[in-house]
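The tour goes from one selection to the next.

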Amino acid sequence: MRINKYLSGCGLDSRRKCEKLVTDGRVRVNGKTVTDLATDIKESDSVEVDGKYVTLSERKVYIMLNKPKGCVCTASDDKGRKTVLDFVKIKERIFPVGRLDYDTEGLLLLTNDGELANIITHPKNMVKKVYQVRVEGEVTDAELKKLRSGVEHNGIKYAPARVAVLEKDDKHTKLEITVTEGKNHEIKNMIESLGKQVVFLKRTEIAGIRLGGLSRGEWRFLNSRESEHLKSLK
């Protein structure tokens, strides 16, 4: 088994993220540091990451968390901030599928299924992600048209999005925005390209899996229908 697939199967992260663990020199196989991504791992091999032994996860788990603001989507944080794994305590080693910003809340999937995580997060697969966005001021019809046609911000182009107006008043406009690329700070940058600011951002859906019934900071295992739906993406 290729080393990135093995590490992902240990519940460390997606295959792409695990490749960086290897190239950064953080992985040892049978006591020797390995940086070659073509390395194959055999059943008899011992594998360490950052000095800790890792093994393949026998049970695949799929979890939904209603991520609150004020926590980061990593296993640990060098600034001492709360992480999403502070909310989900299980024996299996899991990792977040993709990221939500520190001040963004809503649906976050966590798993030890690296293959599935890679499918959901890779831009080429165009997996839909839905957000509720409260924007400062009025969003005009012309600005909505721009978002639906694709915008550019700081030299980065963003693909056309599906946009619906949920409500508006004198101070704010609430939108539902559906995107498929998954670029960093995607929604915020799209809105800033209009000269406006996001004042609230919440993800409500990933790949047809919808957030519902969980208070901020609460989590649950996906039910059989939800997990089978995600597995069908493989």
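**Stop one: a strand pair**

Select Glu-167 and then Lys-174 in strand S12, its bridge partner. This is a predicted model, in which local features need pLDDT of at least 70, side-chain atom pairs count only at pLDDT 80 or more, and totals for chains, interfaces and linings use all residues. Residues are numbered from 1 along each chain as its sequence is written, and side-chain values use heavy atoms, leaving out hydrogens and water.

Now show residues 162-168, strand S11, and residues 172-179, strand S12: they pair in the antiparallel sense over six bridges. Strands (E, at least two residues) and helices (H or I, at least four) are DSSP runs numbered from the N terminus; two strands pair if DSSP finds at least two bridges between them. A hairpin of three residues joins S11 to S12.

**Stop two: Ile-206**

Select Ile-206 in strand S13 (residues 198-206). Is Ile-206 buried or exposed? Ile-206 counts as buried because its relative accessibility is 1%; buried means under 20% relative accessible area, exposed over 50%, partly exposed in between (1.4 Å probe, protein chains only). Among the residues that Ile-206 touches are Leu-107, Leu-109 and Val-127, where contact means heavy atoms within 4.5 Å. Leu-107 is 99 residues away along the chain, yet the two C-alpha atoms are separated by 7.6 Å.

**Stop three: helix H6**

Select residues 224-231, helix H6, and colour its buried residues, Glu-226, Ser-227 and Leu-230. The face turned away from them carries exposed Ser-224 and Arg-225. What covers the buried residues includes strand S7 (105-111) and helix H3 (114-121).

Note on methods. Lists of a residue's contacts leave out its neighbours within four places in sequence.
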